[in-house]
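These entries record what I looked up on domains and pockets. I set them down in the order in which I consulted them.

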Amino acid sequence: MIHSQILGTGAYAPKRVLTNKDLEALVETTDQWITARTGIKERRIAAEGEDTSDMAVIAARRALAMAGCRPEDIDIIIVGTISADMPLPSCAVIVQAKLGASRAFAFDLSAACAGSLFALSIADQFIASGSAKRVLVIGAELLSRLVDWSDRNSCVLFGDAAGAMVVGPTTDPDRGLLSTHLHSDGTAADILNIPGGGSRHPQSHEVVDKNMHKVHMNGREIYKFAVRVLPAAILEALDANGLKVSDIDHIVSHQANARIVESVLERLGVPLEKCWLNLERYGNTSSASLPISLDEANRAGCLKKGDLIAMMAIGGGMAWGSALMRW
Ligand SMILES: CC(C)(COP(=O)(O)OP(=O)(O)OC[C@H]1O[C@@H](n2cnc3c(N)ncnc32)[C@H](O)[C@@H]1OP(=O)(O)O)[C@@H](O)C(=O)NCCC(=O)NCCS
């Protein structure tokens, strides 16, 4: 039976570092508050003229190089993003053009911070059905241009970055993606959204005056939602594969807040050392968070052949899920 494995990973974060101290000059906050409540110390901010697709392309080239794969070998490009270069066309087709991946069809996937996990699941379906051999999965997000820099509740959390994974087939039953489990709950759509700029409230002076084109967030509700559903998503994945919590070698997680990750792992009984944490340096990079974490763990040599990796992510929607993989 064919299933998919990750052949290469790549990541990119812009050069400019914005520290908590820098934020103290922008909004009424402190390094101490941000560190204690979120675990974040600094985040990266894209340069003027640097677009989401630019970050995505750099991460993609790094993943392709690791996979020994040329752009023209790619069958599908999926970009998980809610901060594409523009509303139309997709970020993915811009990435396709910049990479020269002329054979690929390309589309964006909107599942906020869970975007790259959802994209990985879709890639897996195409690979397992035999209709694609190389899928480029990217999570790329430039939220620094979509947050309200006067709202201390949200602006301290986010950072810009892109991560990529090249996914291809394997027939080795002991390696690769074992399962993905995805969920959505649209009844919670109002706890994290960008209310303006779509068809309901098209771009207008009024939308801009009311800051409706920026991220609106009820942090406390998201927090409660995340610590409730993420442990269940991991247990669901383990159950489906006849595995136990103690079988997990690594957790690769979307990182919104270190306290969310700690609380989920505590509920599961997984030691924190099993999770690759980098949010201290990047903040919440939304759909990029999971692939940049995977790439860092991979390049640091932490992931050994056959290791069991449990992935989890949650984002606006709400949208969330898990994946289990043998490295
Ligand atoms: C946002 C978040 C860090 C807030 O932490 P919290 O412990 O829940 O804090 P609360 O919301 O209870 O706010 C506590 C107080 O700190 C204040 N506060 C909020 N942001 C602040 C900041 N940057 N600096 C200082 N004080 C701040 C609040 O105004 C509130 O003050 P009040 O009690 O006088 O009203 C946390 O809820 C979180 O991370 N949620 C998830 C967000 C997320 O993941 N978003 C993306 C989805 S993937």
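**Entry 1: domains.** I began with the domain assignment of the chain, which gives domain 1 (3-170) and domain 2 (176-326). I note at the outset that the model is a predicted one. I then looked up the spacing of the two domains: their centres, taken over C-alpha atoms, are 14 Å apart. For the contact, I recorded 52 residues from domain 1 and 45 residues from domain 2.

**Entry 2: the interface.** I looked up the area buried between domain 1 and domain 2 and found about 3,700 Å². Carbon and sulfur atoms give 63% of that area. Which residues of domain 1 lose the most area to domain 2? I found Cys113, Leu117 and Phe118, which together account for 17% of what the domain 1 side buries. I also searched for salt bridges across the interface of domain 1 and domain 2, and the rule returned zero.

**Entry 3: the largest pocket.** I turned next to open space. The largest pocket holds about 1,100 Å³. I listed 36 residues in its lining, and those closest to the pocket centre are Ile82, Ser83, Leu146, Ile194 and Gly196.

Entry 4: For the second largest pocket I recorded a volume of about 670 Å³. Its lining has 29 residues, and Trp33, Asn153, Met217, Gly219 and Arg220 are the closest to its centre. Which elements give two or more residues to this lining? I noted helix H2 (31-38), helix H6 (152-155), helix H8 (219-240), helix H9 (258-268) and strand S12 (308-315). Among the contributors, H8 gives the most, with five residues. By class, I counted 12 nonpolar, 11 polar and six charged residues in the lining of the second largest pocket.

**Entry 5: placement of the second largest pocket.** Why does the second largest pocket lie between the domains? I reasoned from its lining: domain 1 (3-170) and domain 2 (176-326) both give residues to that lining, so the second largest pocket lies between them.

Terms used: Residues are numbered from 1 along each chain as its sequence is written. This is a predicted model: local features need pLDDT of at least 70, side-chain atom pairs count only at pLDDT 80 or more; totals for chains, interfaces and linings use all residues. Side-chain values use heavy atoms; hydrogens and water are left out. On a 1 Å grid over the protein atoms alone, a cavity is a set of points where a 1.4 Å probe fits but cannot get out, and a pocket is an open set with protein on both sides within 12 Å along at least five of seven lines; lining residues have an atom within 4 Å of a point. Grid points are joined across faces, edges and corners, and a volume is the space filled by probe spheres set on the points. Helices (H or I, at least four residues) and strands (E, at least two) are DSSP runs, numbered from the N terminus. Ala, Val, Leu, Ile, Met, Phe, Trp, Tyr, Cys and Pro count as nonpolar, Asp, Glu, Lys and Arg as charged, and the others, Gly among them, as polar. Domain bounds come from an automatic or database domain assignment. Contact means heavy atoms within 4.5 Å. Buried area is the accessible area (1.4 Å probe) that two parts lose on being put together, summed over both. A salt bridge is a side-chain nitrogen of Lys or Arg within 4 Å of a carboxyl oxygen of Asp or Glu.
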